[in-house]
Amino acid sequence: MLGGAGLLLAAAPAQAAEVAYKTECIPPSISGLPPVEGTTKVEITAPAEAKVGDEVEVVWKTTQAASNNPDVLDLDKDTVKPTGTVKVGGAQTADLAVEGTRSNPPIKKNSPMVLSDMKGKIKLTAPGEVTLTPDKYNINVSKPISTDTKCSPKEAVKPGATIKVTAGGATTGGLPTGLPTGLPTGLPTGLPTGLPTGSAGSTPTGAPSSGSDTGGSGGGKSDFTGKEVQIPYKCKTPIGDKNATSPVQINAKKDGGNYGLTVQFKKSVMDSPADIPADSVKPSMEVKLGGADKGTVHVEGPTNKEPIKSGEPINIPDLTGTYKPGADGKSTLSPGVLTVKALGTTTTCTPSKTEVSLEIDTAAQPGGAAGGSGSAGGSAGGADTSGGLAETGSSNDGILRALGLVAGTVILLGGAVFTFLPKRRARLR
């Protein structure tokens, strides 16, 4: 009766033999590391017999992952969660998703991976023999940053269990079939559509849309829009150096004798290689002064308010700060050193050459940049003196890669599970 009602079957489990198959595991492309190959060993358990209409539970037990935890970082308790796919074949075919819990003991470096059992349920629809075969699987590590290791078979895999399904006892359930289908369709359609439109497009646009403004302190002008400039950067990251070019624009708004600066990175030029938590990325820049004035102006942006999912665009927010002029005359503003702090790491990007984005007429203010103790001229760097780094990439290869490198650093430090080691270091079984 219980089986006929479609409840979860509690029959004796099938005697499943261990299945072993060659496996390839792929790290995220941002790591730049090769795939790791090893052997996965799995036991699949399910009821030995069932009836059409029964819903049965399938359990995947990983007795050996494709590699040990490498000698990079100890994994904390309850940070590893596996998910996978069981191929259903024979009398019926399907891809059955199975999922484990994030429950594991602490896993030391150079020790076997410990994965929780993965489970899923399938409703049997046809009589005959139904085979259950382990297929691809994924390992997620939640700390210090969420990362995924994707593993798939590199050879034909034998079934791990077989269910003998009989036709007897299947039911369709005793629900009445003559339920009314004629739901009322005469809902009112004459809702008002004439919402006010007079406010659309009426917001003042303020600053000019393009070009570099040189008109200055007179004439009542207060908004100055810089031009977009392509800045080649040399970035020093925790995992090595990286060259990239990014489009940057500096705008200013006059407030008395000072100027509020806004530095904009004009495009999102990369997708996140991994999940990045909220409030974990903090960018800042030292804007380089030139012309009549000397020194730098510190600008910074807020941390990311929302988590950044793997595959989503990474954006550097507007960086803002206040420029207090230290000289009379025409002063220039150029993008300088960019710093990105994320998850306890720092990436510093210095222009190999810089270009003026904005020129404005300035009047010296007490304690201004040229004479102030808080701004050291030249700290933003100019031309690189270490060998004349050539400009690399285009507007589609911007400095936002720095964030990807930071995320990649964290992956290397803790989220690798077992794929982020060269083959010569992977402890394969």
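How many helices and strands does the chain have? In this predicted model, the chain has one helix and 20 strands, assigned as DSSP runs (helices, H or I, at least four residues; strands, E, at least two) and numbered from the N terminus. Residues are numbered from 1 along the chain as its sequence is written, and side-chain values use heavy atoms, without hydrogens or water. Local features need pLDDT of at least 70 and side-chain atom pairs count only at pLDDT 80 or more, whereas totals for chains, interfaces and linings use all residues.

Of the 429 residues, 41% are buried (under 20% relative accessible area, 1.4 Å probe, protein chains only). Contacts (heavy atoms within 4.5 Å) between residues at least 6 apart in sequence join residues at least 24 apart in 74% of cases.

The largest nonpolar core comprises 34 residues, a core being a set of buried Ala, Val, Leu, Ile, Met, Phe, Trp, Tyr and Cys residues joined through side-chain atoms within 4.5 Å. I44, W60, V80, L132 and I163 have the most contacts inside this core. Strands supplying at least two of its residues include β1 (19–26), β2 (36–45) and β10 (161–166); β8 gives the most, with five. Among the residues touched by I163, beyond four places in sequence, are P47, V56, L124 and L132. A second, separate core of 33 residues includes I250, A252, I316 and I360.

Mean pLDDT (the predictor's confidence in each residue, from 0 to 100) is 74, and 65% of residues reach 70 or more. Over residues 371–429 the pLDDT is below 50, although this stretch has 171 contacts beyond near neighbours in sequence in the model. Where pLDDT is low, predicted coordinates should not be read in detail.

Conventions
Buried means under 20% relative accessible area, exposed over 50%, partly exposed in between (1.4 Å probe, protein chains only).
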